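Subject: Handing over a structure, with notes

Dear colleague,

I am passing the structure below on to you, and my notes on it follow. Please read them with the model open beside you.

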Amino acid sequence: MIPAVSAKPSADPVVCMAGGPGGDAFDDMQFVIGAGVNQDRDLIVMTQRGTLYAQPNLACPEIDRFYAESVGLRYDAASTGRRLVRATEQCRDRLAGEGVDLSAYNTTENAADFADLRKALGIRRWNVYGYSYGTDLGLTYLRRHPQGIRSVAIDSVVPPRIVSLPWTWDSAQEGINTIFAACAAQPACRNRYPNLSRTLTQQVRRLEAHPLTVMAQPPAGGAPVKVVLDGGALVNLLVANAVPAVGVPAALDELAHGDPGRFARPRAAGATPVSGEFAHGLTQSVACSEWVPGYSQADLLAAGRRAFPGWPGSVLAQAPQLPFQHEACRVWNVPDRTPVQRVTTVSNVPALVLSGTFDAKTGARWGAYAARTLYRSTTVRIPGIGHWVVPQSPCAASVLTSFLTRPTAPDTRCVAGLTPKPFTIVPAREKS
């Protein structure tokens, strides 16, 4: 528990549900505390089952090693997929050999853990704040264990009823196109970087046909490493917000003129993961039991073509952030849980739904979708912000604080004056 800043905190604490699935909740708390979530209430943090500090820990050093190597490989090549699947199978075999029941790591059981935690701590009522996968978890928790929940705030929403591999392309389209529309709305950006959508399509097609291999220094420093930029790598860097949104138009323009640096450097960051910090095993168990079943690889490709009709099929065949997931799930081999998990949450518990308009992982419109059946909800869209809104937006943080004080009438006035920040403008150069 992290104590409230206030000397006289409210009796109902906030419990935080981290993203991922598989992220380290304790490491993320620096951002939650920095946003002031514990200003007037104690903050309760529990590492989710299978994650760092839990026993057993579903870390996969085998997959960490693959990711370190993959920066120097084509993102969506079949040979890269085979390496990922082999690493996934090695992790699965090791965990299963240690007696871990991988089918027990899912959102239903995760939610039950939080219900048990509230009872174990003797807390009569608390407030829930979840972000990214934590919204999937939070909505599941609200649906299955509504007792003792005073309010729920969900940030960057993953609706349990909707989340699937094809869904990722819808979110990618919304987030990327909203960045481009914001550039078009700023005269300086519009004049300097016209037709960004066409530029992106051209670069995706060019890099997929002729990948670039360059040396790049990781952002955290160290020796330069070899990175490969193909079309899939470019797209996934955009979806991951690896290039800050304000720099995306300039980065694409520089790439088109022969300078891939703004994309190569964040690609290089993957060469030095902290082995064992992220619980890839939890990711696989949740994705393979809840997100993948029911949709074929053809469905995924069709969704990609609807979102970005000019892009190569080799790029669109892989879900953003979850490449080769169908193949990985065949070796992970956990039961289909969609009948109990792919369900709409209907509730009268006061809710705050926060989305960033530049979010290409969980598109902003899915917050409004989830809010349709949260009958006492307030929906807030923060312009110019990407994934995980509260730590990035002082306005969103103040809305959340206000919501925790008055869950049915939060103060959202700061939102009305918000606009995206000015985009980075660099001098024009001749195409090389």
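To begin with a pair of helices, α8 (residues 196-209) and α10 (residues 248-256) have axes that come within 10 Å and cross at roughly 50 degrees, where axes are lines fitted to C-alpha atoms, for helices over the stretch in contact, and angles run from 0 to 180 degrees between N-to-C directions. The two helices, α8 and α10, are therefore oblique to each other; angles under 35 degrees count as roughly parallel, over 145 as roughly antiparallel, 65 to 115 as roughly perpendicular and the rest as oblique. On the α8 side the contact (heavy atoms within 4.5 Å) is made by L196, T199, L200, Q203, R206 and L207, and on the α10 side by P249, L252, L255 and A256.

Please bear in mind that this is a predicted model, in which local features need pLDDT of at least 70 and side-chain atom pairs count only at pLDDT 80 or more, while totals for chains, interfaces and linings use all residues. Residues are numbered from 1 along each chain as its sequence is written, and side-chain values use heavy atoms, with hydrogens and water left out.

Helices and strands here are DSSP runs numbered from the N terminus, helices being H or I with at least four residues and strands E with at least two.

Turning to the strands, six of them form an open sheet with parallel pairing, in the order β2-β1-β3-β4-β7-β8, where two strands pair if DSSP finds at least two bridges between them. At the edges stand β2 (43-45) and β8 (377-382), each with a single partner strand, so one side of each is left without a neighbour in the sheet. Within the sheet, β1 (residues 14-17) and β3 (residues 126-131) run parallel and are joined by four bridges, and V14 stands opposite N127 in β3. Helix α1 (residues 25-34) lies across β1, β2 and β3, and runs at about 160 degrees to β2.

Finally, the structure holds eleven aromatic pairs, counted when rings of Phe, Tyr and Trp (its six-membered ring) have centres within 6.5 Å, with planes under 30 degrees apart taken as stacked, over 60 as edge-to-face and the rest as tilted. One of them is the edge-to-face pair of F31 and W388, 5.8 Å centre to centre with 70 degrees between the planes. F31 lies in helix α1 and W388 in the loop between β8 and α18 (394-405), so the pair ties together parts that are 357 residues apart in sequence.
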